[in-house]
Amino acid sequence: SSLTTDEKKLVCNGIGPDWFPVMLTNLLTRVGSFFFKEASWCHHDFGYSIGYTKEHRALYDRLFLEAMLRDTSDANGYRPLAFVMSYFFYYCVRLMGSHSFHYGNRYLTVDELKEKKKRAIALFFYLLNSVTKTRVANIY
């Protein structure tokens, strides 16, 4: 079944890991959108969100690469650059994507994804609050 708009927002952050600054993610996504049409980082992000095994991660990465390579044929004069970018993005997710992938003994459900996102947001604000209090305390 298809995801709702809110569910897509839950799992799709654009190109780059969740910890990238939003400005950088938006820039990479805009540049990637110029070259890649079929290659959907949202599908890739969804696969990483529901997770499962290292074999599933390799499959999601390979499917992402294959879609990007198909898109290079439509890149006209930018085909060599699109080809290089395809492999660059692929090797980035292979080398550094394990921290963003959900490893487990089964797929996560949409409700579990929502709960996971809530906990991540709560942790972010807790850490932000801790850092802010420490900085303010060090000033005085």
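**A helix and its neighbours**

Reply: Let's start with helix α4, whose buried residues are H56, R57, Y60, D61, F64, L65, A67, M68, D71 and T72. Here, buried means under 20% relative accessible area, exposed means over 50%, and partly exposed lies in between (1.4 Å probe, protein chains only). Helices (H or I, at least four residues) and strands (E, at least two) are DSSP runs, numbered from the N terminus.

Before going on, some ground rules: this is a predicted model, where local features need pLDDT of at least 70 and side-chain atom pairs count only at pLDDT 80 or more, while totals for chains, interfaces and linings use all residues. Residues are numbered from 1 along each chain as its sequence is written, and side-chain values use heavy atoms, with hydrogens and water left out.

What covers the buried residues of α4? The cover includes α2, α3 and α5, where contact means heavy atoms within 4.5 Å. E66 is partly exposed, at a relative accessible area of 31%. Y87 lies 21 residues from E66 in sequence, yet their C-alpha atoms are 9.9 Å apart in space.

Now turn to α2, residues 22-35. Its 14 residues should span 20 Å, which agrees with the 20 Å between its end C-alpha atoms. T25, T29, G32 and F35 are the buried residues of α2. Viewed down the axis, these fall within an arc of 115 degrees, so they line one face of the helix. The arc is that of the directions from the helix axis to the C-beta atoms. An α-helix has 3.6 residues a turn, so residues three or four places apart point the same way. On the other side of α2, M23, R30 and F34 are exposed. The buried residues of α2 pack against α3 (41-50), α4 (54-72) and α5 (79-96).

That brings us to α3, which is mostly covered, with seven of its 10 residues buried. These are W41, H44, D45, G47, Y48, S49 and I50. Just after α3, G51 has a positive phi of about 60 degrees.

A disulfide (a pair of cysteine sulfur atoms within 2.5 Å) joins C12 to C42, with 2.0 Å from S to S. The link of C12 and C42 is left-handed, with -70 degrees about the S-S bond. C12 sits in the loop between α1 (5-11) and α2 and C42 in helix α3, so the pair ties together parts that are 30 residues apart in sequence. C12 is partly exposed at 21%, and C42 is partly exposed at 30%. What about C92? Its sulfur is 17 Å from the closest cysteine sulfur, in C12, which is too far for a bond. C92 counts as partly exposed at 22% relative accessibility.

Note on methods:
The expected span of a helix is 1.5 Å times one less than its number of residues.
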